[in-house]
Amino acid sequence: MNELKKKSLKKSLGGIIAAAFVFIAMMLVMLPSISSMTRGAKDLWEIDYATEDLDGLYVKGILAFNYGAYCEETEGSERVAMEYIIDAGDYHFMGMRVRVTQSEYKQIEALDKICTDYSNDYASEDDVIAAQFEISGTIHAMPDDSLRYYHNAVDYDLMTDAEKAQFLPYYLEVGKIGDNMASGLWVFAAIAAISLFIAVFILAKALGGSYQKSITKYIAASPNPEMTKQRIETFLSSNEYVNGLKYNSQFITAQSGAQTIFGETSKLVWAYAYTVTHKRNFITTGHSYYLVLGFLDGTKYQVLMKNEAQVQDHLKNLAETFPYLVVGYKDELDRMFKQKDRKPFLDLKYNPYMDQQAQNDPFANI
């Protein structure tokens, strides 16, 4: 059955590649953040702001003072994020950006109020210290819009060059690790893990023969599994597929995607054509053509064909090869076939033929 496994693997490649692509994409998205986490966060107050490369630096430390907001980001009438001016150490200043949905937002707003009150002599230094808290995030270069508001807030154009050097064109994005929010990393990690599992799962199924369960179950249930296996191997190796279908007087098989369809032709009782019309915006964009095979136990399989002509050729050949087969679809036939007691359906052609064959068998009564 190695050939069937190869067919299943080939049909599964699309799903495996898609899942692997999602896994790789998620890993690439997370890579800068993983790198930052691996290096660890630098202390906010131990950075050499004058010489160190700040862009992309993952930091943490005590947020000591909030000099007020310089930019408010909104969507419609809703506030989305706020940007504030904060101490950056070594007599430098920079921005800080936080989304209003983050847990740190309320603490930052509280510190902003206390710092404003302190500047107006309404709060003490102890009040400011009590409102301080540890914060973490990644320093990034400010985009042009933020930088413009930042400069306007501090009268940047009126400053001397030495004063301008103190106001760094960067902001601390609270809660970010690299380019991703810490909370978002868990989502990316979960997607990556699920995608990897799917890729490995499909690959294992294809290589392990899970898509050939119809054959392995049939072999296991037979009186002589080893002999049955040899018969099936002979069937699979000696008969060529014709438009996706292979059968002889004993067995019939086909591929439905990655799944292998298999059964005894002596238990094949119904075959008909099934066409699916594909539409987009009420306009027909194409059709899918299927050969449907129904078996004695009530199972039905759909085998995709390239066109309607292939389906009709198979129906003609099956009807000529297996005279006990009901060919063609009617709602009444479908209703009869779906019943738990399928005798009315089988009485149409299958049972009379088999009874006749039994009467003509000279060894039947021996």
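Confidence in this predicted model is lowest in strand 9 (residues 180-181), with a mean pLDDT of 76, and highest in strand 16 (residues 326-327), at 96. pLDDT is the predictor's confidence in each residue, on a scale from 0 to 100. Over the chain the average is 90, and 98% of the residues score at least 70.

A quick word on the ground rules. Residues are numbered from 1 along each chain as its sequence is written, and side-chain values use heavy atoms, without hydrogens or water. Because the model is predicted, local features need pLDDT of at least 70 and side-chain atom pairs 80 or more, while totals for chains, interfaces and linings use all residues. Helices (DSSP runs of H or I, at least four residues) and strands (runs of E, at least two) are numbered from the N terminus.

In what order do its seven strands lie? The order is 1-2-6-7-5-4-3, in an open sheet with mixed pairing. Pairing here means that DSSP finds at least two bridges between two strands. Strand 1 (42-43) and strand 3 (66-75) are the edges, each pairing on one side only. Further in, strand 4 (residues 78-89) and strand 5 (residues 92-99) are antiparallel partners over eight bridges. There, glycine 89 stands opposite histidine 92 in strand 5.

Finally, two helices. Helix 1 (residues 2-39) packs with helix 6 (residues 182-208) at about 155°, their axes 8 Å apart. Axes are lines fitted to C-alpha atoms, for helices over the stretch in contact, and angles between N-to-C directions run from 0 to 180 degrees. So helix 1 is roughly antiparallel to helix 6, a word kept for angles over 145 degrees.

Notes
Parallel < 35°, antiparallel > 145°, perpendicular 65-115°, else oblique.
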